Amino acid sequence: MKVELCSFSGYKIYPGHGKRMIKADGKVFHFLSSKTEALSMKKYNPRKVRWTVLYRRKHKKGIQEETAKKRTRRAQKFQRAITGASLSDILAKRNQKPEVRKAQRDQAVRAAKAKKQADKVTKKSTQKPQAKKMEKTSKAVKTKTARVGGKR
């Protein structure tokens with residue numbers, strides 16, 4: 001008993017059922033029913049027709065029973081040094097009390113402000129007085145006169 005597969009739907013065609021079509025180029029098509037034949041002749045894509053085997057394969061329908069889902073590996077946490085700070089420095093900073101950390105931050109901010117102020121003072125003393133910039137004078141621009149006549 002020869003069982004064929006439908007060229008469109010992918011279903012089994014038992015002997016005495018279906019239709020066979022052979023195109024001029026020699027390709028053989030087996031259709032289960034007039035429905036599959038008509039859809040194939042209309043150039044429907046079987047991957048977009050919901051009840052076909054190709055659609056179900058493409059969209060992974062009905063295969064959960066066969067294969068168990070793959071387990072995904074969890075990312076393991078790992079600590080390592082960052083550029084400019086060793087691992088021991090990072091761990092020490094993390095284990096500090098919040099009050100100590102806040103005090104260090106305030107001290108660093110005060111130092112940065114003092115440095116900025118000092119830079120400002122030195123910049124003012126080294127700056128040379130500049131000559132007054134020349135004022136721009138506007139050029140006389142010709143005004144356009146209205147044209148008379150048509151396009152040509």
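What follows is a short chat about a predicted model.

Reader: Which residues make up the largest nonpolar core?
Author: Six residues: Cys 6, Phe 8, Ile 13, Phe 31, Leu 39 and Val 49. In soluble globular proteins, nonpolar side chains tend to be buried together.

Reader: Take Leu 39. What is it in contact with, leaving aside neighbours within four places in sequence?
Author: Phe 8, Tyr 44 and Trp 51. Of these, Phe 8 is also listed in that core with Leu 39.

Reader: Now the surface. Which residues make the nonpolar patch of about 350 Å²?
Author: Met 1, Val 3 and Tyr 14 make that patch.

Reader: Where is Val 3 found?
Author: In the segment before strand 1, which covers 4–5.

Reader: Where does Lys 43 sit?
Author: In the loop between helix 1 (34–41) and helix 2 (53–58).

Reader: Is Lys 43 buried or exposed?
Author: Exposed, because its relative accessible area is 71%.

Reader: What about phi of Lys 60?
Author: Near 55°, again a positive value in a residue other than glycine. Lys 60 is in the loop between helix 2 and helix 3 (87–94).

Reader: Lys 60, buried or exposed?
Author: Lys 60 counts as exposed, because its relative accessibility is 55%.

Notes
Residues numbered from 1 in each chain as written. Predicted model: local features only at pLDDT ≥ 70, side-chain atom pairs only at ≥ 80, totals over all residues. Heavy atoms only, no water. Patch = residues over 30% accessible without salt bridge, like charges linked within 9 Å, V, L, I, M, F, W, Y side chains within 5 Å. Areas by Shrake-Rupley, 256 points an atom, 1.4 Å probe, with all protein chains shown as cover. Salt bridge = Lys/Arg side-chain N within 4 Å of Asp/Glu carboxyl O. Helix = DSSP H or I, 4+ residues; strand = E, 2+ residues; numbered from the N terminus. Core = buried A, V, L, I, M, F, W, Y, C linked by side-chain atoms within 4.5 Å. Buried < 20%, exposed > 50% of the residue type's maximum accessible area, 1.4 Å probe, protein only. Contact = heavy atoms within 4.5 Å.
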